[in-house]
Amino acid sequence: MGNRICSLILAALLLPGLALGAGDSVDSDSQGVPRDPVIAEFERAKAQNDWPRAAQVARDALARSPGNAEYHNRYAFALRKGPNPDMDLVFRHYREALRLNPEHRGAHEYIGEAYLMVGDLGKAKQHLAVLDRLCFFGCEEYDDLKREVAAYERGQTPVDKSTR
């Protein structure tokens, strides 16, 4: 009986992968999870520093899925990185991402960077503290925002306009 259950579990885990033919492919992340085509298109625009296109991709996705925290985060990111960002709109979308998902590490990092852009070190540090709690064993979002806060405190340009 135990071997049969193990066999059934193993089959259930393997069957999705076996369903693809030799020539089939699925756009997926490093763990084999299918990628969101919106995120994939956003990343292509981001890689080219095409912030207007990245913003359009995210804005269109939000029209279809207004409750998607990641789309709000991506839209705000693209607006912030683009020329002449409307910071009120940037903050509105980061806040909505965090309302939908209060533990969204990327939104905490990026809203912290946005606060540095407008000179509000205190708010940036509040989001750094949230990341410190969320990232018990550390995470890239915490490290990145901590580095930006430190640069800001040294009087350096807080956030560059690169793809980071």
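This note goes through a predicted model point by point.

1. **Ground rules.** Residues are numbered from 1 along each chain as its sequence is written.

2. **Confidence.** The chain has an average pLDDT of 83 (pLDDT is the predictor's confidence in each residue, from 0 to 100). A score of at least 70 is reached by 74% of the residues. Two stretches need caution. Over residues 5-28, pLDDT stays under 50, and the model has nine contacts for them beyond four places in sequence (a contact means heavy atoms within 4.5 Å). Over residues 160-164, pLDDT also stays under 50, and here the model has 19 contacts beyond four places in sequence.

3. **Fold elements.** The chain has eight helices and zero strands. Both are DSSP runs, numbered from the N terminus: helices are H or I with at least four residues, strands are E with at least two. Read from the N terminus, the order is α-α-α-α-α-α-α-α.

4. **Chain totals.** Of the 164 residues in the chain, 38% are buried. Buried means under 20% relative accessible area, exposed means over 50%, and partly exposed is in between, with a 1.4 Å probe and protein chains only. The chain exposes about 9,900 Å², with 54% of it supplied by carbon and sulfur atoms. Accessible areas come from the Shrake-Rupley method with a 1.4 Å probe; for residues, only the protein chains shown count as cover. Take the contacts between residues at least 6 apart in sequence: 52% of them join residues at least 24 apart.

5. **Disulfide.** A search of the whole structure finds one (a disulfide is a pair of cysteine sulfur atoms within 2.5 Å). The partners are Cys135 and Cys139, with their sulfur atoms 1.9 Å apart. The torsion about the S-S bond of Cys135 and Cys139 is about 60 degrees, so the disulfide is right-handed. Cys135 and Cys139 are both buried.

6. **Aromatic pairs.** A pair of aromatic rings is described by the distance of the centres and the angle of the planes. Here rings of Phe, Tyr and Trp (its six-membered ring) pair if their centres lie within 6.5 Å; planes under 30 degrees apart count as stacked, over 60 as edge-to-face and the rest as tilted. The structure holds five such pairs. In one of them, the ring centres of Tyr94 and Tyr110 are 6.5 Å apart and the planes meet at 40 degrees, so this pair is tilted. Tyr94 belongs to helix 5 (residues 87-100) and Tyr110 to helix 6 (residues 105-117), so the pair ties together parts that are 16 residues apart in sequence. Tyr94 is buried at 0% relative accessibility. Tyr110 is buried too, at 15%. Phe136 and Phe137 form an edge-to-face pair, 4.8 Å centre to centre with 85 degrees between the planes. Phe136 and Phe137 are both exposed.

7. **Aromatic cluster.** Trp51, Phe77, Tyr94 and Tyr110 form one aromatic cluster. Trp51 lies in helix 3 (residues 51-64). Trp51 is buried, with a relative accessible area of 5%. The C-alpha atoms of Trp51 and Lys81 are 6.6 Å apart, although 30 residues separate the two along the chain.

8. **Positive phi at two asparagines.** Most residues other than glycine have a negative phi. Asn49 has a positive phi, near 55 degrees. Asn49 sits in the loop between helix 2 (37-47) and helix 3, and is partly exposed, with a relative accessible area of 39%. Asn84 also has a positive phi, about 50 degrees, although it is not a glycine. Its place is the loop between helix 4 (69-81) and helix 5. Asn84 is exposed, with a relative accessible area of 76%.

9. **Gly119.** Where is Gly119 placed? Gly119 is in the loop between helix 6 and helix 7 (121-134). Gly119 is partly exposed, with a relative accessible area of 42%. Along the chain, Gly119 and Tyr152 are 33 residues apart, and their C-alpha atoms are separated by 8.9 Å.

Methods
This is a predicted model: local features need pLDDT of at least 70, side-chain atom pairs count only at pLDDT 80 or more; totals for chains, interfaces and linings use all residues. Side-chain values use heavy atoms; hydrogens and water are left out.
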